Amino acid sequence: MKESTERQLAWHREDPTSTWLKVVDDDHSGKVVGAAQWNIHHSNPYPNGVEDNYAFWWPEGEERRFASKSLEQWHRPREARVSKPHVFLNICFVLAEYRRCGAGSMMVRWGVRKADELKLETFIEAAEPGIPLYLKQGFELVDYHVIDPTLEDESERWKELKERLPPIRWAFMRRPALGVAKGD
């Protein structure tokens, strides 16, 4: 966990588009109950295409190849979808015991307001549980994607990894600039 936290902090510090928000329970525990990372892109973040997603932090071997293939399937659609100025919710989470208490809405509203201020579209790659929250904030469901790293000639280890980590389905969502859909 420590290595992962340090890697996330380094990525944040190296990325001028990155803004992290956190929600703290000041009334009771004082602990962080949720966080979100927003990326504000004033220009096309993929002028040379989506860079290869090499999962260097995974153990070498099939695990690393599997993780890298999964990341490629996750990130590749971005090149066609969001290769223009936009605001992007990259990460958003709330501890289970604090869900439906407003923490997620606060973090999403922050990004929506920032996008409206900049007159930019907003995009999210959402997990199923977050879709209702994003719909309430004016996002539209565009379509679904599935991450299912498949190879023509899969090794036994690859097959084991696929069994342990079944396909992941996520929703691509957008909120028009100023919350107004084209044609409205």
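Predicted model: local features only at pLDDT ≥ 70, side-chain atom pairs only at ≥ 80, totals over all residues.
Residues are numbered from 1 along each chain as its sequence is written, and side-chain values use heavy atoms, with hydrogens and water left out.

Strand β4 spans residues 122-126; helices (H or I, at least four residues) and strands (E, at least two) are DSSP runs, numbered from the N terminus. Of the 5 residues in β4, 5 are buried, where buried means under 20% relative accessible area, exposed over 50%, and partly exposed in between (1.4 Å probe, protein chains only). The cover extends to both faces of β4: T122, I124 and A126 are buried on one side, F123 and E125 on the other.

Two strands pair if DSSP finds at least two bridges between them. Strand β3 (residues 86-94) runs parallel to β4 and is joined to it by 3 bridges, with F88 opposite F123. Strand β6 (residues 168-175) is antiparallel to β4, and 5 bridges connect the two; here F123 stands opposite R174.

In soluble globular proteins, nonpolar side chains tend to be buried together. A nonpolar core is a set of buried Ala, Val, Leu, Ile, Met, Phe, Trp, Tyr and Cys residues joined through side-chain atoms within 4.5 Å. The largest such core has 23 residues, of which L89, I124, A126, Y134, F139 and M173 touch the most other members. At least two residues each come from β1 (18-24), β2 (32-41), β3, α3, β4, α4 (131-136) and β6, and α3 gives the most, with 5 residues. Another core, of 8 residues, lies apart from this one and includes V50, F88, F123 and I147.

Leaving aside neighbours within four places in sequence, Y134 is in contact (heavy atoms within 4.5 Å) with L89, C92, V108, I124, A126, F139 and M173.

Rings of Phe, Tyr and Trp (its six-membered ring) pair if their centres lie within 6.5 Å; planes under 30 degrees apart count as stacked, over 60 as edge-to-face and the rest as tilted. By this rule there are 3 aromatic pairs. F66 and W158 form an edge-to-face pair, because their ring centres are 5.1 Å apart and their planes stand at 70 degrees. This pair links distant parts of the chain, with F66 in helix α2 (residues 62-81) and W158 in helix α5 (residues 156-164), 92 residues apart. Both F66 and W158 are buried. The rings of Y134 and F139 are also edge-to-face, since their centres lie 6.1 Å apart and their planes are at 70 degrees. Y134 is buried at 7% relative accessible area, and F139 is buried at 3%.

Helix α5 also holds L161, which is buried at 4% relative accessibility. Beyond neighbours within four places in sequence, L161 is in contact with E62, E63 and F66. The C-alpha atoms of L161 and E62 are 8.6 Å apart, although 99 residues separate them in sequence.

Finally, a charge sits over a ring if NZ of Lys or CZ of Arg is within 6 Å of the ring centre and within 35 degrees of the ring normal. R81 lies over the face of F172, 4.5 Å from the ring centre, and R169 lies over the face of Y144, 3.5 Å from the ring centre.
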